[in-house]
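Good morning, colleagues. Please bring up the sequence and the structure, and we shall go through them together.

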Amino acid sequence: MKELQHLNKYFLKYKKQLIIGILITIISMLFKIYVPKLIGSIIDIVNNQLQNPENSISDFKQELLNNILLIIGTAIIAGILTFFMRQYIINVSRYIEFDLKNEIYQQYQKLSLNFYKKNRTGDLMNRISEDVTQVRMYAGPAIMYSINTITLFIVALAFMFKQAPTLTLYTIIPLPILSVLIYLISKEIHKRSTIVQEYLSKLSTFTQEAFSGISVIKAYGIEPQTQADFTTLAYTSKEKQLSLVRIQAFFFPMMILLIGISNILVIYIGGMQYINGEISLGNIMEFIIYVNMLTWPVATVGWVTSIIQRAEASQKRINEFLKIEPEIKNNTIEPSIIKGNIEFKNVYFTYDDTNIKALKGLSFKLNSGETLAIVGKTGSGKSTILDLIGRLYDINKGQLLIDNKEIDQLNLTSLRDAIGYVPQDAFLFSDTINNNIKFGKENATDEEVIAAAKNAQVHKNISKFTNGYQTVLGERGITLSGGQKQRVSIARAIVKNPQILLFDDCLSAVDTETEEKILNNLKKVSAGKTTIIVSHRISSAKNADHIIVLDDGKIVQKGTHNQLINIDGYYKELYIKQMSENYTN
Ligand SMILES: Nc1ncnc2c1ncn2[C@@H]1O[C@H](COP(=O)(O)OP(=O)(O)OP(=O)(O)O)[C@@H](O)[C@H]1O
């Protein structure tokens with residue numbers, strides 16, 4: 001129960017609803033328990049009349065009617081109270097579920113990219129969905145059924161003991177056995193259903209991948225092989241399902257058997273006591289109803305125990321993530337004003353997971369409003385520079401200064417608000433094009449969105465779609481071409497109008513003519529803003545105020561286009577190569 005203590009703050013938050021819920025549960029139980037007593041009285045009244053036929057029939061009828069009306073009244077009140085009991089306690093569990101999901105999601109958002117690399121997406125999703133569901137079962141149904149059981153047990157046993165102590169002892173003998181058996185079966189059911197779930201997710205991952213890669217499957221003619229793989233997986237999944245169904249099928253017959261044994265004990269021992277004149281016929285009836293009433297709550301003891309165990313395990317997994325301290329912390333609450341001066345002073349950076357030394361003593365300075373182009377071979381560290389400016393990672397050694405302040409001394413939100421970042425791999429959400437562009441600035445007007453799209457040279461493409469800017473993009477913007485996706489992504493950064501613009505090789509899928517137009521527009525849009533363009537193309541770099549050439553995490557060349565094309569080195573080679581390509585094209 002140690003892990004579940006995390007929920008105490010939520011129980012405290014909703015203590016009013018919980019206390020009312022618990023009180024209603026107890027009162028409703030008291031009403032429910034009164035019904036068997038009334039039924040017992042009716043049997044005794046009828047029995048009495050049969051044995052004394054000379055008694056007044058009208059008195060008998062009146063007495064019978066009073067009891068029947070009392071039963072109906074009690075049942076109605078118990079019913080209404082049960083409704084409110086669920087309304088309070090189950091609602092509280094839903095509020096806690098909502099709060100917990102938000103708490104986890106908030107934590108996820110705070111955690112750095114490293115965390116996402118170390119943990120699989122499926123695992124992250126499971127903790128916020130499946131694990132929270134398990135915990136909710138504890139916060140709601142488990143508490144409700146426990147209170148139900150405790151109240152029912154105390155009151156019913158008190159009633160029963162008062163009337164026939166020996167009979168009570170005999171009738172409750174099978175109940176603990178039932179409880180233990182249900183616990184064992186619930187555990188087994190859970191074990192098997194977890195396996196079933198695993199297979200279901202394997203199946204859906206398999207089919208999802210097969211559908212996404214359907215063109216490759218068809219092109220290579222491997223449908224029979226994929227079909228065979230699917231059948232094998234589906235067969236194992238079916239076998240696991242059947243094993244689950246078998247244990248579930250065992251559950252009810254076993255309950256019926258144990259209830260039956262209790263009933264037989266009541267009838268047999270109660271019958272003997274009746275013959276001896278120790279108890280009335282009504283008492284036997286009352287006991288039979290009590291035994292049946294007690295069976296389900298007793299069964300829930302086993303069920304609730306396994307719910308609590310599962311909730312404890314789930315909460316443990318949730319706590320593991322909640323306890324992680326975000327690597328990238330906001331050290332300043334005060335908002336920072338970002339002008340856009342960027343300076344790297346002997347910066348070193350190594351990726352934790354791969355141990356790759358991406359930057360090795362990097363130094364350069366860029367004043368606010370200037371443009372820097374970074375070129376270099378793949379894997380030379382270009383994207384890493386942009387990630388460090390956005391503080392997606394913190395540097396290991398050296399200094400990274402923004403406006404002459406250490407980057408980690410700036411307000412993180414202000415820093416990221418001041419950056420418009422276009423990643424190498426454009427990511428678009430399954431939403432309209434309009435919303436995808438507005439993602440950069442939520443309150444952007446339609447005019448601003450269109451202006452940004454025009455500057456990114458994508459307005460004409462969008463206008464050709466039947467639904468224009470309201471065109472909904474499929475998963476990862478599947479309906480757009482690579483170049484269109486890149487341009488929508490550029491429009492997203494432009495509409496934000498940030499002080500720092502970071503373009504990570506985002507014109508690679510665009511033809512040179514469109515690239516030229518976009519670069520001209522960017523010159524206007526980025527006037528007065530600090531801009532960094534990462535590119536493999538000289539055409540993207542040539543107009544920059546500064547150009548740096550990276551190789552293996554170090555700057556190997558520095559200068560302007562005109563300076564660099566006159567010095568032997570990577571830049572000149574690239575220039576000559578690309579010039580000749582253009583020429584031959
Ligand atoms: N998220 C990451 N985790 C671990 N290692 C990484 C990560 N990103 C990059 N690296 C490694 O760091 C080095 C620098 O990568 P980076 O992406 O900065 O290069 P790049 O110059 O932008 O390459 P490209 O031109 O191919 O985009 C590479 O060796 C790469 O494998």
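How close do the axes of helix α6 and helix α11 come, and at what angle do they cross? Before I answer, please note that this is a predicted model.

The axes of α6, residues 130–163, and α11, residues 281–322, come within 7 Å of each other. They cross at roughly 155°. Because angles over 145 degrees count as roughly antiparallel, α6 is roughly antiparallel to α11. The crossing of this pair is left-handed. As for composition, the contact of α6 with α11 has 20 nonpolar residues, together with nine polar and three charged ones.

Let me turn to the protein chain as a whole. The chain has 21 helices and ten strands. Its radius of gyration is 36 Å, whereas the globule rule gives 25 Å for 585 residues; the value is well over that figure, so the chain is more spread out than a compact globule. The C-alpha trace spans about 125 × 60 × 50 Å along its principal axes. Of the 585 residues in the chain, 33% are buried.

Finally, the ligand. Which residues come nearest to the ligand? There are 15 residues around it, and those that come nearest are Tyr351, Thr378, Lys382, Ser383 and Thr384. Helix α12, residues 382–389, supplies the largest share of this shell, with three residues. Sorted by class, the shell around the ligand holds nine polar residues, three nonpolar and three charged.

That concludes my presentation. Thank you for your attention.

Methods. Residues are numbered from 1 along each chain as its sequence is written. This is a predicted model: local features need pLDDT of at least 70, side-chain atom pairs count only at pLDDT 80 or more; totals for chains, interfaces and linings use all residues. A residue is near a molecule or strand if its C-beta atom, placed from the backbone, lies within 6 Å of it. Helices (H or I, at least four residues) and strands (E, at least two) are DSSP runs, numbered from the N terminus. Ala, Val, Leu, Ile, Met, Phe, Trp, Tyr, Cys and Pro count as nonpolar, Asp, Glu, Lys and Arg as charged, and the others, Gly among them, as polar. Axes are lines fitted to C-alpha atoms, for helices over the stretch in contact, and angles run from 0 to 180 degrees between N-to-C directions. Angles under 35 degrees count as roughly parallel, over 145 as roughly antiparallel, 65 to 115 as roughly perpendicular and the rest as oblique. A crossing is left-handed if the near helix is turned anticlockwise from the far one by less than a right angle, and right-handed if clockwise. The radius of gyration is taken over C-alpha atoms; the globule rule is 2.2 Å times the number of residues to the power 0.38. A residue is buried if 20 or more other C-beta atoms lie within 10 Å of its own, exposed if 12 or fewer, and partly exposed in between; C-beta atoms are placed from the backbone.
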